[in-house]
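Biologist: I would like to go through this model label by label. For each one, tell me what it rests on.

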Amino acid sequence: MASWFYGPDVSLLDCLAYFFSADELKGDNMYSCDECKKLRNGLKYSQVTELPDTLCIHLKRFRHDFAFSSKISTRVQFEEVLDMSPWLHQDCSSRERTYRLSGVVCHHGTAGGGHYTCYNYNPTSGAWFEFDDSIVRQVDLATVLASEAYVLFYRKASQGMEAIRSEVCRLSSVHSQTDSLLRHYIANSWLAKFATMAEPGPIDNSSVICRHGGVRHKDRKSVV
């Protein structure tokens, strides 16, 4: 009966497949060829060359036709884990391609007015919470997956990085206990990326190194 009111259900994978599908260029939308200097028919593809650490997917929930606006209430089914491999370019620089759901924004109401709520995952406690103005309550994952999503937030997953962070914490603890003379110069900005991102990249100390190659005096104590 839900399909009578909301239309047929579609999945997030259906939406992504449609977004990345080939777009035929013809008629008034033909492209100008650089070789022959003429308008030609063709196909246009979109592919991802680099994946962000946090993937934000904004679903089109509102339709505007001249002076009339309406809300698109089609149910979009989404899962906790999202694999972006099918839509990557062959030269994509990202190694990690799997995401895990971390947040959902929902809109309740019509195009003329409504109310926003959201769900957020707490990685420390491993629990989901619903935020509705001043009301916060813990919910299960099934409740989140059944919601009418407007904006989805996926965070890149990497079990390898979790192991590396644990090893770094262990080594740091060992050096502190043995009163080691070893000192590391690592910028706080990169340490924040290391603690939160699945692919922080190589160590970047450009924020604390002056253009002559030395450590800036005012930041020296903070980076030792």
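Modeller: Start with the cut-offs for exposure. A residue is buried under 20% relative accessible area and exposed over 50%; in between, it is partly exposed. Keep in mind that this is a predicted model.

Biologist: Then why is K26 called partly exposed?

Modeller: Its relative accessibility is 47%. That value lies between the limits of 20% and 50%, so K26 counts as partly exposed. E24 gets the same label: its value is 46%.

Biologist: What makes E24 and K26 a salt bridge?

Modeller: The closest N and O atoms of the pair are 3.9 Å apart. The limit is 4 Å between a Lys or Arg nitrogen and an Asp or Glu carboxyl oxygen, so the pair qualifies.

Biologist: How many salt bridges does the structure hold?

Modeller: Seven. Another one joins the side chains of E199 and R95, with 3.7 Å from N to O. Again, 3.7 Å is within 4 Å, so the label holds.

Biologist: How do you know that this pair links distant parts of the chain?

Modeller: From the positions. E199 is in the loop between α5 (188-196) and α6 (220-223), while R95 is in the loop between β10 (81-83) and β11 (98-110). The two residues are 104 residues apart.

Biologist: Is R95 buried or exposed?

Modeller: Exposed. Its relative accessible area is 71%, and the label needs over 50%, so R95 passes. E199, at 22%, counts as partly exposed.

Biologist: What else does the side chain of E199 meet in a salt bridge?

Modeller: The side chain of K156, at 2.8 Å from N to O. E199 lies in the loop between α5 and α6 and K156 in strand β15 (residues 149-156), so this bridge ties together parts 43 residues apart in sequence.

Biologist: Why does K156 count as buried?

Modeller: Its relative accessibility is 7%; buried means under 20%, so K156 is buried.

Biologist: What links R95, K156 and E199?

Modeller: A network of salt bridges. E199 takes part in the bridge to R95 and in the bridge to K156.

Biologist: On to the rings. How many aromatic pairs are there?

Modeller: The count comes to six. One of them is F62 with Y150, which is edge-to-face.

Biologist: What makes F62 and Y150 edge-to-face?

Modeller: A ring pair is described by the distance of the centres and the angle of the planes. Here the centres are 5.6 Å apart and the planes stand at 90°.

Biologist: Are F62 and Y150 buried or exposed?

Modeller: Buried. F62 has 17% relative accessibility, and Y150 has 13%.

Biologist: Why is the pair of W190 and F194 called stacked?

Modeller: Their ring centres are 5.5 Å apart and the planes meet at 20°. Stacked means under 30 degrees, so 20° settles the label. Both residues lie in helix α5, four residues apart, about one turn of the helix. W190 is buried at 9%, and F194 is buried at 15%.

Biologist: Which residues do ring pairs link into a cluster?

Modeller: F19, F20 and W87.

Biologist: Now K71. Why is K71 called buried?

Modeller: Its relative accessible area is 17%, which is under 20%, so K71 is buried. K71 lies in strand β8 (residues 68-71).

Biologist: With which side chain does the side chain of K71 make a polar contact?

Modeller: With that of E148, at 3.2 Å. The limit for a polar contact is 3.5 Å, so 3.2 Å is within it. A polar atom of the K71 side chain also lies 3.4 Å from the backbone oxygen of G109. Residues that K71 touches include R61, F62 and H107.

Biologist: And the whole protein: how many helices and strands does the protein have?

Modeller: Six helices and 15 strands. Buried residues make up 27% of the 224 residues.

Terms used: Residues numbered from 1 in each chain as written. Predicted model: local features only at pLDDT ≥ 70, side-chain atom pairs only at ≥ 80, totals over all residues. Heavy atoms only, no water. Buried < 20%, exposed > 50% of the residue type's maximum accessible area, 1.4 Å probe, protein only. Phe/Tyr/Trp six-rings, centres within 6.5 Å; stacked < 30°, edge-to-face > 60°. Polar contact = N/O pair within 3.5 Å; in protein donor to acceptor, adjacent residues only side chain to side chain. Contact = heavy atoms within 4.5 Å. Lists of a residue's contacts leave out its neighbours within four places in sequence.
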